[in-house]
Amino acid sequence: MQIKIGILPFNVISPMEQQAIQAALLGQWEKAVSLNEELLKEKPNDTEALTRLAFACARLGNYTKACKTYQSILKKDPYHPIAGKN
């Protein structure tokens, strides 16, 4: 969802997105994976959720899933700055 104030749009994140970000900030990687996977069921092309998922998978040592997730981001956005570095 986008809201415009004046001429500057900004994204409003959902409570679940907030929870996913908070889980990552607290190092709760399993919870971060679970929350981002739930978010992706609703919005499978959400590159922000995919990026968070890939990072959380890497922190858990699941490098195969992290790499596949980064590759899927690059298919959607070949110039994605984070996925391109991983």
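Predicted model: local features only at pLDDT ≥ 70, side-chain atom pairs only at ≥ 80, totals over all residues.
A nonpolar core is a set of buried Ala, Val, Leu, Ile, Met, Phe, Trp, Tyr and Cys residues joined through side-chain atoms within 4.5 Å.

**Whole chain**

Start with the cartoon view. The chain holds 4 helices and 2 strands, and from the N terminus the order of elements is β-β-α-α-α-α. Colour by burial next: of the 86 residues, 29% are buried. For contacts between residues at least 6 apart in sequence, 29% join residues at least 24 apart.

**Helix 2 and helix 3**

Select residues 29–42 for helix 2 and residues 47–59 for helix 3. Two packed helices are described by the angle between their axes and the distance between the axes. Here the angle is about 150 degrees and the axes lie 9 Å apart. Angles over 145 degrees count as roughly antiparallel, and helix 2 and helix 3 are therefore roughly antiparallel to each other. Their crossing is left-handed.

Now show side chains at this contact. From helix 2, display Trp29, Ala32, Val33, Asn36, Glu37, Leu39 and Leu40. They meet Ala49, Leu50, Arg52, Leu53, Phe55, Ala56, Cys57 and Arg59 of helix 3. Sorted by type, the residues of this contact comprise 11 nonpolar, 1 polar and 3 charged.

**The core**

The largest nonpolar core has 18 residues. Val33, Leu40, Leu53, Ala56, Cys57, Tyr70 and Ile73 are those with the most contacts inside this core. To see where its residues come from, select helix 1 (15–25) and helix 4 (63–76) along with helix 2 and helix 3: each of these four helices supplies at least two residues of the core.

**Ile73 and Thr47**

Centre on Ile73. Setting aside residues up to four places away in sequence, Ile73 touches Thr47, Leu50, Thr51, His80 and Ala83.

Move to Thr47, which lies in helix 3. Is Thr47 buried, partly exposed or exposed? Its relative accessibility is 22%, and buried means under 20%, so Thr47 counts as partly exposed. Beyond its neighbours within four places in sequence, Thr47 is in contact with Ile73, Lys76 and His80. His80 is also touched by Ile73.

Key: Residues numbered from 1 in each chain as written. Heavy atoms only, no water. Axes fitted to C-alpha atoms, helices over the stretch in contact; angles between N-to-C directions. Parallel < 35°, antiparallel > 145°, perpendicular 65-115°, else oblique. Left-handed = near helix turned anticlockwise from the far one by under 90°. Contact = heavy atoms within 4.5 Å. Nonpolar A, V, L, I, M, F, W, Y, C, P; charged D, E, K, R; others polar. Buried < 20%, exposed > 50% of the residue type's maximum accessible area, 1.4 Å probe, protein only.
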